[in-house]
Amino acid sequence: MQRKHNLSSLRRVLSILGEAKPVKRTAVLSALMVMLSGAAVRAEDAAQKFTQAEVDASPYLKSVVARQGTMADTSKFRKKGPYKIALAAQGPTNSWAALFDQEARHHVDQLGKDKVSELLYASADGSADKQVPEVEDLLSQNPDALILVPMGRAALAASVDRAAAQGVPVVLCASGVDGDSYVTEVGTNLYGLGVRMANWLSDQLGGSGNILVMDGIPGVDTAEIAKAGAATVWRNKPGIKILDEQYGQWSTSEAKKVAEQWIAKYGKSIQGIWSDGGQMSQGIIEAFQEAKLPVPPIASADYSNGLLRQVKDGHITFSAGQYPNAMVILCIDTALKILDGESVPRFIDFRNAMEKTQDVNTSNMDAFFNPKWSDDVFPPIFLPDSKMVELKYMKQ
Amino acid sequence: MQRYGVYCSLALLLLVALVVRPEVYRPEPLFLILRSASQLGMVALGQTLVMLVAGLDLSVSGVIVLTSVVIAQVGAGQDSRILPGLLISLGFGALIGLANGLLITKRNVPPFVATLGMLVLIRGAQSAYTQGIPSGQVPDGLKLLNQSLGPLPVSFVIWIAFTALLAFILYVTPFGRRVYAIGSNREAARLSGIPVDRYIIAVYVICSLLVVGAGIILSGYVGYVDRYLGRGFDLDSIAAAVVGGVAFSGGRGSLVAAMAGVLLVQFLSSLLLIIGMDVQAQWIVKGLVVIGAVALYSLAGRRS
């Protein structure tokens, strides 16, 4: 199914390329690159298989696997452009979300007014309470499609139902909601991410060693899902001993405090770290460096440019997954496909559809690190350098 | 009992730790505990002062992150620019304290609402200014604050020095006596000729300046602009003051006992972490300790 989807997309991109106006060619070419590189990473993704027992044990995994294999019929949404697209975003509460907005605006500019006539935008300031009425406001402006970055799995379910009832197709972007009335979700398999990072760490240690596990925020589903994925690996690796497992609240300072106590307690017996977030990994590395201890191999759920700087300067063995803010490009393109009446999978993993989204590690990090970017930038970035400089995210 | 409750509790906790986890008394964990205590302690000093005039400051975590953004932007990674960064941060801190104080005294806004509103305002202004990505870099020179002076962390020495200074002001000078008088009965203080509003405004300004101090220490500690820096310090500082016997109603409580409360809260946090307790259980234990402290104080208060 996935392959069929990509091939049909490829055909479409090629046909557009034939008729494209010169000014749009760069955008179409970049879309083609995204598709082709998607094909390159598919083999890696296919290697990540889950047992039936794993799928049965995790409702999240079960849902993702089922939706990846199901195509949504979008013929009823087919309409002529240009389109009015609504984007209910997190809002610039942190660097990840700030660049998410910039990528969205830039991509819409690239597409041109004859494709997207208007981008209706609402910032939730990271709050589900604020986002619910905002989605109502957006829907009252009769958009052709709604791209929603849900701030709460349960809180936004009714808003998605309302959009569906109004005949507006919904693309969930970067996170999911309860219920089933959206067309598709763009994101990644977070359970699989937890598994991959845990397997990488185990391989680094030759299947046995003492490790420490730092999770995100208790009760936040994205943190708990990755944690559950890693936990299945630990269960099957009797040689891996978890010395301690704590939450670092996705905060550099919290993570550093916890790591300092770990170092004081376990010292040189720590052989590996599994951390559910780049900003926490930064704090952990700081703690080891201040204690003048070698930093053990560290598996990180995601990363920022600052973490890559630290890893590079400190010659640290590491691997990290991706959660690119640039996935909004894929969300917008998916909304356009839906409005074109093209069927799409009910779950789209950006790892299969975007370039530079494979796992980052010590050997390939140079392709992702940019010494001129500020530490808080989350690669990969698809904005041109001139835009990054203009936005003050990049030194000239 | 009321006066010495926190010291007895701290002694008891130290004794329990000696039995349960004697390794906590090695120099390394002790150093870390004192360093963390000093970060929270600087905030708790300000929070205690504010609580003594029957106030509350919920804007402290906003001031901490704002300080770290200013230090990184103005400092730009250069030690020579620490001083301008420090002065600008203190300027912002004073303005925020002044605004809090004016809202509470001149507009009669309840402290909870005024300082919570200020927190939202600071966060909004900061997001608008940085567009989510704070540029700049924390100067390396600030890391000195987290290193050691003999066996003690530098930040701990700073905290003790500020505690001594403020304790002197509170217990020896007329300013201190008037702060207690205002907290006990604002109207009576006003009638006896104390310029109540000016004192309350001054206390909020001092609180924000102390929190800027905590922000500087924390910026040096993390070395990055962490948007979660100081998160939880608002409630933890209130908890420490309450455990130390400072009354929400104002006018009652000792600054030194509140600082013992900081040590107690921090020592307990570190001990629970060293034991390897789940975070959920850690929160339950901490919550129980705060509730227990308040219950004991109110019981002792009723008896006396």
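Author: Two strands are taken to pair if DSSP finds at least two bridges between them. The model under discussion is predicted.

Reader: In the open sheet of six strands with parallel pairing in chain A, what is the strand order?

Author: This sheet of chain A is open and its pairing is parallel. Its six strands follow the order β3-β2-β4-β5-β6-β13.

Reader: Why is one side of β3 and of β13 of chain A left without a neighbour in the sheet?

Author: Strands β3 (116-123) and β13 (347-349) of chain A each have a single partner strand.

Reader: Which residue of β13(A) is the bridge partner of A:Val186?

Author: Strand β6 (residues 184-187) of chain A pairs with β13(A) in the parallel sense, over three bridges. Within β13(A), the partner of A:Val186 is A:Ile348.

Reader: What angle does the direction of helix α6 of chain A make with that of β2(A)?

Author: Helix α6 (residues 128-140) of chain A packs on the sheet and touches β2 (83-89), β3 and β4 (145-148) of chain A. With the direction of β2(A), the helix direction makes about 175 degrees.

Reader: Which are the edge strands of the open sheet with mixed pairing?

Author: That sheet has six strands in the order β8-β7-β9-β10-β11-β14 (chain A). Two of them pair on one side only, namely β8 (240-247) and β14 (360-361) of chain A.

Notes
Residues numbered from 1 in each chain as written. Chains lettered and ligands numbered in written order. Predicted model: local features only at pLDDT ≥ 70, side-chain atom pairs only at ≥ 80, totals over all residues. Helix = DSSP H or I, 4+ residues; strand = E, 2+ residues; numbered from the N terminus. Contact = placed C-beta atoms within 7 Å. Axes fitted to C-alpha atoms, helices over the stretch in contact; angles between N-to-C directions.
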